[in-house]
Amino acid sequence: MIPFIDLKAQFARIEADVRRRMDAVLSHGQFVMGPEVFELEKRLAEFTGAAKVLSCSSGTDALLIPLMALGVGPGDAVFVPSFTFVATAEAVSLTGATPVFVDIDPVTFSMDPADLERRIEDLRDGRHGPGLPESLAGLTPRGIIAVDLFGIPCDYPAIQNIGYRHGLFVIGDAAQSFGASLQGRKSCALARISCTSFFPAKPLGGYGDGGAVFLRDAVDEELYDLMTSIRVHGMGTGGQDKYTNVRVGLNARLDTLQAAILLAKMEIFPEEIDMRQTVAAGYAAAIDPDRFTAPRVPAGSVSAWAQYSVLARDAQSRAAAQERLKAAGIPTAVYYPKPLHLQQVYASLGYAPGSLPVTEDCSRRIFSLPMHPYLAESDVRRIAEVLNADVLNAD
Ligand SMILES: *Cc1c(COP(=O)(O)O)cnc(C)c1O
């Protein structure tokens, strides 16, 4: 049985270091905001090139904190892809604002800049239709959350240009792309504000929940202070004591133990990102392009390969491939079987099937193969062999 992701192989490598660092926390006893938390923030800033890093309790809170700091709330529209994990839109809803769903590029599966701009202008000019339901009328466009789906950085130059021209903030949801890069710049330092997650299955995963917000530019000191306050119950940051509360905030701190674990994992992380490239290259060379579309990383980008997702010709061929792989002891998963605009939670917005055609087409045909740094070359070959034996589509 090949594991979908293999945390055991990684643990065997780092066990001594993880135990040593956890022991140190148990000894000093500063379980909340201990020194490891600040050491990790510094390490993450060095690694990504971001000016400031604020660790927090999850990737979801890493999205919510900057939205709160920017004053996003009721009556505001934030443009998000529909083809993503629910947290991207959920963070918007938690502020009282409304997510407006944007279609994706069929190659990178990330927000399509042309579709984004069309929907911004349609909302601004009050042009409603199936792709922009009447329920959104009157909302004020405020910002964009772009998602680096499966580990590939989205088209930040184009998206930021659109954001700039329409006066909208851009947040990069880099929950799946920590370790990736675009034109030599690291993920989490591509947009003015970026967020990531340390959920165990993400490229840099802890042994529990965690996340971080990244500010690319040193001039964003004020935003950083505001987010620091929001992280801990809106406390005063001007040297007041912690029982001086100046705004509504959260309890969104990263545990010291998680920070200690992540510091151990950072030691081998760059090498693991390289190992993921080898696995991905093995898949790309072995998958029959006449039967399945392997992911294509745009020139100048390096993926963090959070997922290795391929497209089948149709839903039937996907089901057959998943069955065949399962019978051979190879697990697969579908990210995401139901796009957010068609989820019950967003039914009241009134999006109809067909309103985001590329998203809906991909959700019917996509599935992910096992992907982790420790996947052996022989396993990659075997997975591709079983995948390619597609009798349904045999010519
Ligand atoms: C995992 C994920 C999140 C949320 O992260 P959590 O740490 O689970 O809260 C947000 N956005 C995307 C794209 C994700 O994959």
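Tutor: On a 1 Å grid over the protein atoms alone, a cavity is a set of points where a 1.4 Å probe fits but cannot get out, while a pocket is an open set with protein on both sides within 12 Å along at least five of seven lines. Grid points are joined across faces, edges and corners, and the volume is the space filled by probe spheres set on the points. Please keep in mind that this is a predicted model, where local features need pLDDT of at least 70 and side-chain atom pairs count only at pLDDT 80 or more, although totals for chains, interfaces and linings use all residues. Residues are numbered from 1 along each chain as its sequence is written, and side-chain values use heavy atoms, with hydrogens and water left out.

Student: Which residues line the second largest cavity?

Tutor: A lining residue has an atom within 4 Å of a grid point. Here the lining consists of Phe109, Phe150, Ile152, Pro295, Trp305, Gln307 and Ser309. By class, five are nonpolar, two are polar and none is charged. In this scheme Ala, Val, Leu, Ile, Met, Phe, Trp, Tyr, Cys and Pro count as nonpolar, Asp, Glu, Lys and Arg as charged, and the others, Gly among them, as polar.

Student: Where does phenylalanine 150 sit?

Tutor: Phenylalanine 150 is in the loop between strand S4 (140–147) and helix H6 (156–166). Helices (H or I, at least four residues) and strands (E, at least two) are DSSP runs, numbered from the N terminus. The backbone of phenylalanine 150 deserves a look too: its phi is near 65°, a positive value in a residue other than glycine.

Student: How many cavities of 30 Å³ or more does the structure hold?

Tutor: There are two. The largest cavity has about 120 Å³ of space. Of its 16 lining residues, Leu7, Gln10, Lys202, Arg276 and Pro373 are the closest to the centre. Helix H1 (7–28) and helix H8 (256–286) are the elements that give two or more residues to this lining, and H8 has the largest share, with three residues. The classes here are eight nonpolar, three polar and five charged.

Student: Now for the open spaces. What is the volume of the largest pocket, and which residues lie nearest its centre?

Tutor: The volume of the largest pocket is about 490 Å³. Its lining has 26 residues, with Phe85, Gln176, Ser197, Phe199 and Lys202 nearest the centre. Two or more residues come from each of H3, H4 and strand S8 (193–197). By class, the lining divides into 13 nonpolar, 10 polar and three charged residues.

Student: Which pocket does the ligand take up?

Tutor: The ligand sits in the largest pocket; the test is that more than half of its atoms lie within 2 Å of the grid points. Counting residues with a heavy atom within 4 Å of the ligand as near, we find 14 around it, the closest being Gly59, Thr60, Asp173, Ser197 and Lys202. Helix H3 (59–69) and helix H4 (87–94) each supply at least two residues of this shell. The shell has four nonpolar, eight polar and two charged residues.
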